[in-house]
Amino acid sequence: MKITLELVRQTLRETLGHDSFVAGFITSVEADSGCPTAGITKEGQLSYNPLFVDEFVTTKEDLFSLVFHELL
């Protein structure tokens with residue numbers, strides 16, 4: 001699954017509501033093979049390892065779980 005900023009925001013809004021602050025917290029998305037799994041900086045940049053995502057993130061539910069886990 002290719003993760004984009006729009007896909008992340010859309011997935012969070014569908015689950016948390018269209019006015020969700022959390023959906024707007026993510027400011028950018030970057031594939032990074034040096035990242036072990038995924039992470040979010042305090043500035044809102046989501047980095048993810050494409051190999052990890054290809055193996056474990058196949059649905060929007062998986063994407064929500066990954067992003068929400070990183071936010072927490």
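**Close-up views of a predicted model**

E14 is partly exposed, at a relative accessible area of 47%; partly exposed lies between buried (under 20% relative accessible area) and exposed (over 50%), using a 1.4 Å probe and protein chains only. This is a predicted model, in which local features need pLDDT of at least 70, side-chain atom pairs count only at pLDDT 80 or more, and totals for chains, interfaces and linings use all residues. Residues are numbered from 1 along each chain as its sequence is written, and side-chain values use heavy atoms, with hydrogens and water left out.

**View 1. E14 and K60 form a salt bridge.** The closest N and O atoms of this pair are 3.3 Å apart, where a salt bridge requires a side-chain nitrogen of Lys or Arg within 4 Å of a carboxyl oxygen of Asp or Glu. The partners come from distant parts of the chain, with E14 in helix 1 and K60 in helix 4, 46 residues apart. Helices here are DSSP runs (H or I, at least four residues), as are strands (E, at least two), numbered from the N terminus. Like E14, which is partly exposed, K60 is partly exposed, with a relative accessible area of 29%. By this rule the count comes to 1 salt bridge.

**View 2. Helix 1 crosses helix 4.** The axes of helix 1 (residues 5-16) and helix 4 (residues 60-71) come within 10 Å and cross at roughly 95°. Each axis is a line fitted to C-alpha atoms over the stretch in contact, and angles run from 0 to 180 degrees between N-to-C directions. The two helices are therefore roughly perpendicular to each other, a label for angles of 65 to 115 degrees. On the helix 1 side, the residues in contact (heavy atoms within 4.5 Å) include L7, V8, L12 and E14, and among those they meet in helix 4 are K60, L63, F64 and V67.

**View 3. V8 sits in the largest nonpolar core.** Such a core is a set of buried Ala, Val, Leu, Ile, Met, Phe, Trp, Tyr and Cys residues joined through side-chain atoms within 4.5 Å. Of its 16 residues, I3, V8, L12, I26, L46 and V67 touch the most other members. Helix 1, strand 2 (38-40), strand 3 (45-48) and helix 4 each supply at least two residues, and helix 4 gives the largest share, 4 residues. Leaving out residues up to four places away in sequence, V8 touches I3, I26, V29, L46 and V67.

Notes:
Parallel < 35°, antiparallel > 145°, perpendicular 65-115°, else oblique.
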